[in-house]
Amino acid sequence: MNMANEKIELKDVLNFFEYEKVRAEMRGRVIDLKRVRRVPVGEHLSFVFENRDTVLFQIQEMCRVERITDDARVQDEIDVYNALLPAPGELSATLFIEITDKDQIQAVLDRFIGIDARGIDAGGIDVGPTVWIQVGRDFALPGEFEAGHSDEEKGKLSAVHFVRFAFPPDAIRAFASSPVHLVVDHPAVRARVELPAETKTQLLQDLRG
């Protein structure tokens with residue numbers, strides 16, 4: 001496992017006062033990184049592919065906002081956010097349902113119910129994932145969503161989801177030389193977005209971790 005995939009430990013997290021000294025530089029660097037690693041799909045969806053730098057920044061910011069200084073509580077945050085790191089042969093993304101009009105929040109979220117589930121047709125037949133990465137013609141890697149961010153029976157859906165894509169070795173090799181698309185097939189949005197070269201380069205580092 002290389003540094004890009006290595007789990008974050010307590011020693012990696014700066015204390016509150018030391019973080020304040022470097023926050024502006026770190027924040028600017030991670031904003032630039034997220035710009036490359038962000039893939040918008042349609043009007044409301046945005047996938048941000050996480051790596052060690054983005055996750056460490058989230059931990060530092062959470063400790064700062066919550067004024068967390070106790071080692072045990074910092075470790076709790078580390079344990080939560082480490083789950084976002086991709087393992088070698090994986091990509092891991094945070095999916096945001098972005099809604100700028102406050103009056104439309106519930107209406108838009110209602111439209112995206114089922115985004116984190118496999119597609120089911122009118123006859124109750126499983127027709128496959130709603131989100132996947134297409135590598136060339138040969139590989140379609142389905143997104144596996146973290147549970148607990150929706151309740152279809154109650155019609156509730158979070159605006160933030162975590163999704164992983166597992167790649168077999170042949171798909172990783174093809175990733176470097178083939179067109180790669182992020183695909184969403186859901187009643188609220190049906191779109192296919194090709195990853196820019198800069199984004200592919202970043203994500204290939206994750207896959208080779």
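Q58 counts as buried, because its relative accessibility is 19% and buried means under 20% relative accessible area, with over 50% called exposed and anything in between partly exposed (1.4 Å probe, protein chains only). The structure is a predicted model, in which local features need pLDDT of at least 70 and side-chain atom pairs count only at pLDDT 80 or more, while totals for chains, interfaces and linings use all residues. Residues are numbered from 1 along each chain as its sequence is written, and side-chain values use heavy atoms, with hydrogens and water left out.

Q58 sits in helix 2, which covers residues 52-65. Helices (H or I, at least four residues) and strands (E, at least two) are DSSP runs, numbered from the N terminus. The side chain of Q58 makes a polar contact of 3.2 Å with the side chain of E50. A polar contact is a pair of N or O atoms within 3.5 Å; within protein, one must be able to donate a hydrogen and the other to accept it, and residues adjacent in sequence count only if both atoms are side-chain atoms. Not counting residues up to four places away in sequence, Q58 touches K34, E50, Y81 and L84, where contact means heavy atoms within 4.5 Å.

How do helix 1 and helix 2 pack? Their axes are 10 Å apart and the angle is about 140 degrees. Axes are lines fitted to C-alpha atoms, for helices over the stretch in contact, and angles run from 0 to 180 degrees between N-to-C directions. The angle makes helix 1 oblique to helix 2: under 35 degrees counts as roughly parallel, over 145 as roughly antiparallel, 65 to 115 as roughly perpendicular, and the rest as oblique. The crossing of helix 1 and helix 2 is left-handed, that is, the near helix is turned anticlockwise from the far one by less than a right angle; clockwise would be right-handed. On the helix 1 side, the contact is made by F16, Y19, E20, R23, M26, R27, R29, V30, L33 and K34. Helix 2 supplies D53, T54, L56, F57, Q58, Q60, E61 and R64. By class, this contact of helix 1 with helix 2 has seven nonpolar, three polar and eight charged residues. Ala, Val, Leu, Ile, Met, Phe, Trp, Tyr, Cys and Pro count as nonpolar, Asp, Glu, Lys and Arg as charged, and the others, Gly among them, as polar.

Helix 1 (residues 16-37) also packs against helix 6 (residues 197-207), at an angle of about 100 degrees and with the axes 8 Å apart. Helix 1 and helix 6 are therefore roughly perpendicular to each other. L33, R35, V36 and R37 of helix 1 meet E198, T199, Q202, L203 and D206 of helix 6. The residues of this contact of helix 1 with helix 6 divide into three nonpolar, two polar and four charged.

R37 belongs to helix 1. Is R37 buried or exposed? With a relative accessible area of 0%, R37 is buried. Its side chain forms a polar contact of 2.3 Å with the side chain of D206, and also reaches the backbone oxygen of F49 at 2.6 Å. Leaving aside neighbours within four places in sequence, R37 is in contact with F47, V48, F49, E50, N51, Q202, L203 and D206.

The buried residues of helix 6 are T199, K200, Q202, L203, L204, D206 and L207. What covers them includes helix 1, strand 1 (38-41), strand 2 (45-49), strand 3 (90-97), helix 5 (169-177) and strand 11 (180-186). The axes of helix 5 and helix 6 come within 10 Å and cross at roughly 160 degrees. The two helices are therefore roughly antiparallel to each other, and their crossing is left-handed. I172, F175 and A176 of helix 5 make the contact with K200, L203, L204 and L207 of helix 6. By class, the contact of helix 5 with helix 6 has six nonpolar, no polar and one charged residues.

Two further residues remain. N82 is in helix 3 (residues 71-82) and counts as buried, at 8% relative accessibility. N82 touches K7, I8 and V55, not counting residues up to four places away in sequence. R67 is found in the loop between helix 2 and helix 3 and is exposed, with a relative accessible area of 54%. Most residues other than glycine have a negative phi. Phi of R67 is near 55 degrees, a positive value.
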